[in-house]
Amino acid sequence: MSLLLRRPSVHPMILVIIGLAGFGLLYRLAVNPVGLMKEVFIAAVVIGVIFVIYKIVIKKQFGGVNSQTYAKYRKAAQQSKKRQIKESSNHLTTKVRGASTKRPLNRKSNRILHTAKKREHNFTVIEGNKGKKKNRAHF
């Protein structure tokens, strides 16, 4: 019963417009196929030119990904990968050696070991203007 009362996902007017466009396309293909192909080619070229111009404008406006920025990104990614490999290899070697197979006897010694195990994170603090109030007297 719920299937019968369910609303259609596409508005009927949109279906009529798509149907008429399909009918017109088939009619144009039957009457003048070379003209249709020319128009499709011209439309594709115009859309391509607009797309390229849009990409160039957006790249200039927002800076895009230039080679210097990309090089910095790759360097940071390589450093991160090396750090992860180093940490995982250190972790594996301590387990293989069996350095710490015993459990601590009390909670205090467990806390000391836990704080000693914490890794240093490579975070950078960026200062912002969130705490500063704007001077409303200036327009």
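Colleague: How many of the 20 residues of helix α2 are buried?
Modeller: This is a predicted model, in which local features need pLDDT of at least 70 and side-chain atom pairs count only at pLDDT 80 or more, while totals for chains, interfaces and linings use all residues. Residues are numbered from 1 along each chain as its sequence is written, and side-chain values use heavy atoms, without hydrogens and water. Buried means under 20% relative accessible area, exposed over 50% and partly exposed in between (1.4 Å probe, protein chains only). Helix α2 lies largely in the open, because its number of buried residues is zero.

Colleague: What length does α2 reach from its first C-alpha to its last?
Modeller: Helix α2 covers residues 12-31, helices being DSSP runs (H or I, at least four residues) numbered from the N terminus.

Colleague: Which helix has the lowest confidence?
Modeller: Mean pLDDT (the predictor's confidence in each residue, from 0 to 100) is 76 for the protein, and 60% of its residues reach 70 or more. Where pLDDT is low, the predicted coordinates should not be read in detail. Confidence is highest in α2, with a mean of 95, and lowest, with a mean of 56 over residues 107-117, in helix α5.

Colleague: Which residue forms a salt bridge with Glu39?
Modeller: A salt bridge requires a side-chain nitrogen of Lys or Arg within 4 Å of a carboxyl oxygen of Asp or Glu, and the whole structure holds one. The pair links distant parts of the chain, eleven residues apart, with Glu39 in helix α3 and its partner in helix α2. With the closest N and O atoms 2.9 Å apart, the partner of Glu39 is Arg28.

Colleague: What share of the residues of the protein counts as buried?
Modeller: The secondary structure consists of five helices and zero strands. Among the 139 residues of the protein, the buried share is 1%.

How values were computed
Helices (H or I, at least four residues) and strands (E, at least two) are DSSP runs, numbered from the N terminus. The expected span of a helix is 1.5 Å times one less than its number of residues.
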